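These are my notebook entries on a structure that I looked up piece by piece.

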Protein chains: 2
Amino acid sequence: MTRRNAYQQSGVDIGAAEQGINEAKLAVLDTYTPEVSSEFGAFAGLYRLNLDSEEVTLAASTDGVGTKTVLAVQANQLEGLGFDLINHGVNDLLGQGALPLFALDYLASNKLNPQDITTILKSIANACRKVGIPLLGGETAEMPDVYNPGEIDLVGTVVGVVQPGINFDRERVEEGDLLLGLPSNGLHTNGYTLARKALTNNLQDPLGTQTVLDALLIPHQNYVNEVKPLLEQPSCIKGIAHITGGGIPDNLARILPPTMGAHINRDAWCPPEIFQLIQDQSEATTIDMFGTFNMGIGMIFVVSPEDRVEVTTRSSGSLIELGQVIAEPNITFSPQL
Amino acid sequence: MTRRNAYQQSGVDIGAAEQGINEAKLAVLDTYTPEVSSEFGAFAGLYRLNLDSEEVTLAASTDGVGTKTVLAVQANQLEGLGFDLINHGVNDLLGQGALPLFALDYLASNKLNPQDITTILKSIANACRKVGIPLLGGETAEMPDVYNPGEIDLVGTVVGVVQPGINFDRERVEEGDLLLGLPSNGLHTNGYTLARKALTNNLQDPLGTQTVLDALLIPHQNYVNEVKPLLEQPSCIKGIAHITGGGIPDNLARILPPTMGAHINRDAWCPPEIFQLIQDQSEATTIDMFGTFNMGIGMIFVVSPEDRVEVTTRSSGSLIELGQVIAEPNITFSPQL
């Protein structure tokens, strides 16, 4: 999500706004009841539902598609937006060890074009069907005073349930734990303001077997099939990071103890071509790129070395050994960024 | 919510868009799994969570504040918006016999003003605290390409649990059942496009002990305290309508059997002055007014005549006897609209 990190509820600092962020954070923390078991700024919020005879932990995440909608509207290719919306939310839940139960959507625009709305709602429904969850509710709003002509915003909430036995307490993470990654298929839903600016004149250029535009509009993929078998053997996994805004450094830091960091071997994978093109056509440094985009890695698991075989056997995806946890609180890369 | 009914997922017909609406509706219905126990277009979606030893029904609703934000931004009075957001969602859950567990928010704008964001987030947190629920998650996004300068959109999701014993099957509703209403304190979050247009030159005029602007910005109230005691004796209540966009006629029709209607005695209550002023300053007919605004009634309960005493004793609010259910599928008023 573009520039979302500028002032987001996960508490990222942007200097002058710091005090405001802290104030807002304190006000939010002040709403927490004993049932809340997630940290502020987690991939999804966790809520312990105490029933008569058992306890279940619900997980919920709200997010938008960001300015990927601008590109999709411009190209009149709206069919992928529902997958962007639902899959992003589903992956946020996976990051907390939860599987999705249902989703809700909110679609707003300057003026409602019934055909476009239908296309988007069908896309959301298709994405839900693919994951096997109902689209339980939603809202469609037309607000000409609020939205720029032609533009839309698309927001979704996914609610799920944490799988039994999950324990993603950061304190279980140790020096030497392995970082295993799943490849991404492109930008997913992050970095579109930078990408659109860089590639505005290149959208119709070929990129491999497709165009740059096509590469940019590939929908955010979900990792349910890869993660679900791992959640069934929950003791193997010490943490899961969904690589979204802030890239590998920010999102990995969210699941490590504050005193620890990670070392990542950049030669372990090859980022999709689109990332190099964005960098070539912009003034972004490699540090900027890794701090904005997922750079080809969609999810990262923290795993004890002795569980490596169990985890790689269970996951149906091609897990990439990215690096390991280190005892210093930095995310470092080799080759250096 | 302004003009929201134009094309909303509850399936309201706007002529040419009908086919698109139906297509979208079918696509959404196609996502429904056996766990979904709500009808399409209900106040909140219902999901049966089957656990090992018991069953619990979750309720969830997503909605926005609509163009009430435009007025709040213009007046630089953002402190009420969080209450608008949370209370609207909470009331939607009450309409399904559910009490809220937690909420999530989404706040997006053209450009983030840290002070305003802080004010709004604190307002959301305050509203959550007042209801006793945590703000479990949320997102803040800055999208200059999507939003008009200075404008914001504010969206919330409230998740709750249906109270034991609730049975709002419309088929239980009978001719002669009573309609008991709870008063609203103003427009809540509906009809602001019409209201803003009508009153643009009158905002600073006095209206009783306040200004017109103040009257328009009174936050949406929630009815937890009034409804909770009723949900503890669930057999007394056959249905609850939250009066939002579409007013009494549309929202009452959502909880009655398709073959039935209602007759409402307009002399039973006195709408807040702001509604008469809006009508005086616009070309809206009384039919338009009742089809757009809540007209002073925030919630309506369908109750069997023999339960009237039990219900009025239990509810801490001042229940107004509005009328009764009739055997014809129309919502009629006397005096006529």
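**Entry 1: one residue.** I looked up A:S53 and found this residue in the loop between β1 (45–50) and β2 (55–64) of chain A; helices (H or I, at least four residues) and strands (E, at least two) are DSSP runs, numbered from the N terminus. I keep in mind that this is a predicted model, in which local features need pLDDT of at least 70 and side-chain atom pairs count only at pLDDT 80 or more, while totals for chains, interfaces and linings use all residues. Residues are numbered from 1 along each chain as its sequence is written, and chains are lettered from A and ligands numbered from 1 in the order in which they are written.

Is A:S53 buried or exposed? I noted that A:S53 counts as exposed because it has 8 C-beta neighbours inside 10 Å (buried means 20 or more other C-beta atoms within 10 Å of its own, exposed 12 or fewer, partly exposed in between, with C-beta atoms placed from the backbone). Leaving out residues up to four places away in sequence, I found that A:S53 touches B:S53 and B:E54, where contact means that the C-beta atoms, placed from the backbone, lie within 7 Å.

**Entry 2: domains.** For chain A I read domain 1 (1–31), domain 2 (43–162) and domain 3 (170–334), with bounds from an automatic or database domain assignment. The C-alpha centres of domain 1 and domain 3 of chain A are 24 Å apart.

**Entry 3: two helices of chain B.** I saw that helix α3 (residues 81–94) and helix α4 (residues 114–131) of chain B pack at an angle of about 40 degrees, their axes 7 Å apart; axes are lines fitted to C-alpha atoms, for helices over the stretch in contact, and angles run from 0 to 180 degrees between N-to-C directions. I therefore wrote down α3(B) and α4(B) as oblique to each other (under 35 degrees is roughly parallel, over 145 roughly antiparallel, 65 to 115 roughly perpendicular, and the rest oblique). The residues of this contact of α3(B) with α4(B) divide into eleven nonpolar, four polar and no charged, where Ala, Val, Leu, Ile, Met, Phe, Trp, Tyr, Cys and Pro count as nonpolar, Asp, Glu, Lys and Arg as charged, and the others, Gly among them, as polar.

**Entry 4: between the chains.** How many residues does the contact take from chain B and from chain A? I found 72 residues from chain B and 72 residues from chain A. On the side of chain B that touches chain A, α4(B) gives the largest share, nine residues.

Notes: Contact = placed C-beta atoms within 7 Å.
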